[in-house]
Amino acid sequence: MTVAFSEKTKEKFKAILAKYPEKGAALLPTMWLAQKEFSVITPEVEEYVAKLLGVPLVRVHEVLTFYTMYAAKPLGKYHLQLCTNISCTLLGAEDILEHLKDKLQIGAGETTPDKKFTLSTVECLGYCGTAPVLQVNDDFHENLTTKKVDELLTKLK
Amino acid sequence: MPKPILSKNFGKKNAHSLGVYIQDGGYEAMKKALTEMKPEQIIQEVDKSGLKGRGGAGFPVGKKWSFIPKEAPKPKYLVINADEGEPGTYKDRPIMECDPHAVVEGAIITCFAVGIHWAGIYVRGEYVKSIERLEGAINEAYAKGYLGKNILGMGFDLDMVVHRGAGAYICGEETGLLESFEGKKGQPRMKPPFPAIVGLFQGPTVINNVESIAAIPHIVKNGGEWFNGLGAPGIGGGVKLFPVSGHVKKPGIYELPMGTPLREIIYKHAGGIRGDKKLKAVIPGGASAPVLKPEEIDVPMEYANLAKIGSMMGSGAVIVMDEDTDLVKTLRVLMCFYAHESCGKCTPCREGTGWMAKIIKRIEKGEGESADLDTIVSIANGIRGRTLCPLGDAAVGPALSFVTKFRQEFEDYIKVGAG
């Protein structure tokens, strides 16, 4: 199957292009659109994006692999991203990590067999005053405790 | 305590909307700048304000603007750095979430002063709410005629764009950020040429932090001298947001005069150490700032004063560690961070950060040797000053300061393990 944006996404893509003085600058936002539309940036998606913007395929691949937030592999329905940087670690992020691993029976960087949860450790998320913090997809859960983690996991269906 | 300026809208309901912002005197500074002031006058006021770059480097903002050539063959650009990623730092996010119009207004004034017609704000990918709020504010400003063509009928045009990052600490470095803005991996550029001459899309570019830009409307409205006077006596330079985290009773963002003693921030504003424990160590300006011992915390939080005692102001993020903190583990966290975030372009940083991380992990596992500490010092000295961008030096800051200032704790760890 050929990869292509839906008509709606094509409109969004056009609006993005219009914002930048140079076409290549639209690569990051176009990758965001692609990730939203296809969930995973597969090699076919990379080729599609390269063609859309008229940039070399290698540049798309560099961007995909340089940044941490683009998904080259499928993620679970809920991407649990635990900050383990300094302020969160000072307030117990490592205990939270062990608890999450126990509960989900997976390690960091892995996805549960039912594809529901992916667990990742990430660098500082900018929520140091309410550490420890866990990012679940686009939501942030602050002042975490193991009890709060349990409540959260029950809620995430 | 003086009335807050930069943080006045934190937690205030609907403060992000144009209506509430205008009701509170918003966009008055823009009107004053565009209709009553000449561009040079604005730059002069910013000069007088003593405002230094709030991202970490602390370069005088007015001076930075004055480096932009008046006539240039390429268009000029403003880039606002909202890639807040320095561990411990969380001050720009509430500005964007609660006061996005202050950023837009600051950008309009900056662009008018420097003769720029395209402004972009680079926001780290995780800050989804900041991005939504900024886009909302920009749309409102376009609809009101504050952005776009012929603003206030003064013949001044300005477009503004929000650019979402995708997860990379290095993009907080200004030339890495420019690369990322242009749709490339965020590897820093060789300097010179500096961005003021060759920046975004090869044009002269002003790069300012969110907190710096958000201060501009207040400076224009009330004057540079007024802002400068808000700093501590004899220090000046206005007010600053200090985000405090770690083992304090009241972590939070405190807006205080530049030059407020670190002790006052920790014990008065942040309520002191949790459980009334003793203080062991404090990082005064984000993870990259060399650590301080308890006897050093009477230092005024200000660029030159912190530099004098071998640390730095950085983003002003204060990270507090109590007496029970495992400093080997803490340094391991930091070294793994720098090793992960090194972009790989310069060998001393790419290899050095990785080596330091491996050695400190080995010490933590109880497999360290006393020579390891000297090896860390030697690697750190091999990185310092030998990289294109400050990430290498940033890793050196905590590495050297932890193992030299707390050497005994590291030695004990190597001899008998943790605790």
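Analyst: Start with strand pairing. Three bridges join β1(A) to strand β4 (residues 134-136) of chain A, and the two run antiparallel. Strands pair if DSSP finds at least two bridges between them. Helices (H or I, at least four residues) and strands (E, at least two) are DSSP runs, numbered from the N terminus. This is a predicted model: local features need pLDDT of at least 70, side-chain atom pairs count only at pLDDT 80 or more, and totals for chains, interfaces and linings use all residues. Residues are numbered from 1 along each chain as its sequence is written, chains are lettered from A and ligands numbered from 1 in the order in which they are written, and side-chain values use heavy atoms, with hydrogens and water left out.

User: Which residue stands opposite A:L80 in β4(A)? And how many bridges join β1(A) to β3 of chain A?

Analyst: A:V136 stands opposite A:L80. Six bridges join β1(A) to β3 (residues 117-122), and these strands run parallel. There, A:Q81 faces A:S120.

User: How do I read the two sides of a strand?

Analyst: In a regular strand the side chains alternate between the two faces of the sheet. In β1(A), A:Y78, A:L80 and A:L82 point one way, and A:H79, A:Q81 and A:C83 the other. Buried means under 20% relative accessible area, exposed over 50%, partly exposed in between (1.4 Å probe, protein chains only). Six of the six residues of β1(A) (residues 78-83) are buried, so the strand is largely enclosed by the rest of the structure.

User: Is B:N209 buried or exposed?

Analyst: B:N209 is buried, at 10% relative accessible area. The residue lies in strand β5 (residues 205-209) of chain B. Its side chain makes a polar contact of 3.2 Å with that of B:K91. A polar contact is a pair of N or O atoms within 3.5 Å; within protein, one must be able to donate a hydrogen and the other to accept it, and residues adjacent in sequence count only if both atoms are side-chain atoms.

User: How do I check a helix length?

Analyst: The expected span is 1.5 Å times one less than the number of residues. Helix α7 of chain B (residues 128-144) has 17 residues and should span 24 Å; its end C-alpha atoms are 24 Å apart, which agrees. B:G145 follows α7(B), with a positive phi near 85°.

User: Which residues of α7(B) are buried?

Analyst: They are B:V128, B:S130, B:I131, B:L134, B:A137, B:I138 and B:A141.
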